[in-house]
Amino acid sequence: METENQKNEFLHDTLKGLSSKPKYLSSKYFYDERGSKIFQDIMRMPEYYLTDCELEIFKTQQQKILNDFTNGPAGFDVLELGAGDGMKTKVLLKHFVNQNANFTYSPVDISGTVISQLIKDLKNEIPHLQVEGLKGDYFKMISSFKDKVSKRKIILFLGSNIGNFSLEDSVGFLIKLRKSMNKNDLLFIGFDLKKENSLILDAYNDAGGHTAAFNLNLLYRINTELDSNFDLDNFYHEEVYDADSGKAESFLISKVDQKVTIKKLNKTFSFAQGEKIFTEMSQKFDIRMVEELAEKSGFKIVRNYLDKRQYFMNSLWRLKL
Ligand SMILES: C[S@@+](CC[C@H](N)C(=O)[O-])C[C@H]1O[C@@H](n2cnc3c(N)ncnc32)[C@H](O)[C@@H]1O
């Protein structure tokens with residue numbers, strides 16, 4: 001269930017985004033119950049190489065990862081930001097439990113449905129795991145992480161979620177994360193690497209239409225939650241990739257001149273034919289960009305783990321002291 005505050009925030013952010021020039025909607029609102037289900041389909045489609053690559057890294061390098069996380073007998077706390085269905089993380093968690101590692105797992109997710117399903121699954125699949133799920137917006141929860149001091153804290157930010165920020169905003173976010181960390185803590189981030197344009201474009205605009213449905217779900221969500229009359233057939237999904245900057249960007253484009261009324265805002269918005277609503281950034285990186293990001297935000301790279309095709313990289317960071 002959404003709180004009154006969350007509803008007001010959605011209302012406020014929608015007003016701000018659709019009143020801007022150019023228009024935008026925040027990708028944070030993709031994940032209502034319907035959106036989370038569509039995203040699970042996306043993760044399982046053959047074009048979405050990101051899941052397979054990160055899964056391969058975890059399956060083949062789980063012991064190295066455990067060795068790097070381990071902090072003597074004191075153990076560690078794993079905190080995962082935007083955990084989703086935990087499909088890949090479970091591979092690591094199972095291995096850690098089988099190796100009798102002394103650790104706890106705290107998944108954080110903005111979606112209540114996602115977090116309760118994950119906890120239920122973990123109880124069934126890894127009964128010996130110590131788990132405490134946290135429902136909420138990680139932007140708001142980060143500062144409270146500083147108080148978790150009894151064990152080494154390891155913050156996971158997987159699936160190249162970091163790519164949803166612009167490079168500038170990533171630095172701001174990482175500095176905020178760094179301030180929530182103590183000197184022995186670690187940050188483990190998934191980065192999608194630059195690769196052939198067509199592979200990237202297919203992952204974000206698949207022939208089966210899952211990614212289009214995911215993007216259009218934003219308008220469906222505004223219709224149901226904010227009482228509006230978007231005609232989904234009057235918009236289409238577009239993905240654009242620029243290989244130099246590594247920016248992959250998603251848009252919803254108006255097929256016709258049209259007006260849409262959002263009753264809860266008491267406001268009508270005009271869309272010209274061809275007008276774009278920016279909905280999501282999926283930044284792609286090379287290793288130099290990752291090194292620069294770590295440097296700018298006050299971290300040192302401990303180790304990089306790559307899949308065999310070098311499509312994806314998990315990078316383990318410690319504080320630069
Ligand atoms: C792209 S999915 C990735 C899930 C998982 N990390 C993975 O790699 O498979 C993003 C997840 O983050 C959650 N999420 C998005 N924005 C969030 C926020 N601001 N605070 C907490 N969770 C968020 C969504 O509900 C969703 O489950």
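These legends go with close-up views of a predicted model. Local features need pLDDT of at least 70 and side-chain atom pairs count only at pLDDT 80 or more, while totals for chains, interfaces and linings use all residues. Residues are numbered from 1 along each chain as its sequence is written, and side-chain values use heavy atoms, leaving out hydrogens and water.

**View 1. The shell of residues around the ligand.** Here 17 residues surround the ligand, and the closest are Y31, G82, K88, D109 and Y138; a residue is near the ligand if one of its heavy atoms lies within 4 Å of it. The shell divides into eight nonpolar, five polar and four charged residues. In this count, Ala, Val, Leu, Ile, Met, Phe, Trp, Tyr, Cys and Pro are nonpolar, Asp, Glu, Lys and Arg are charged, and the others, Gly among them, are polar. Helices α2 (33–44) and α6 (138–141) each supply at least two residues of the shell. Helices (H or I, at least four residues) and strands (E, at least two) are DSSP runs, numbered from the N terminus.

View 2. Look for a polar side-chain atom of D109, 2.6 Å from an oxygen atom of the ligand. A backbone N or O atom of G82 lies 2.8 Å from a ligand nitrogen atom, and a polar side-chain atom of D137 lies 2.9 Å from a nitrogen atom of the ligand. The protein covers 94% of the 590 Å² of accessible area that the ligand has on its own (Shrake-Rupley method, 1.4 Å probe).

**View 3. The buried face of helix α10.** In α10 (residues 287–296), M289, V290, L293 and A294 are buried (under 20% relative accessible area, 1.4 Å probe, protein chains only). Seen down the helix axis, the buried residues of α10 fall within an arc of 135 degrees, so they line one face of the helix; the arc is that of the directions from the axis to the C-beta atoms. These buried residues pack against α7 (167–179), β6 (186–192), β12 (299–306) and β13 (312–319) (contact means heavy atoms within 4.5 Å).

**View 4. K284 and its partner D192.** You can find K284 in the loop between β11 (276–281) and α10. K284 is buried, with a relative accessible area of 1%. Its side chain makes a polar contact with the side chain of D192 (2.7 Å). Such a contact is a pair of N or O atoms within 3.5 Å; within protein, one must be able to donate a hydrogen and the other to accept it, and residues adjacent in sequence count only if both atoms are side-chain atoms.

Conventions:
Buried means under 20% relative accessible area, exposed over 50%, partly exposed in between (1.4 Å probe, protein chains only).
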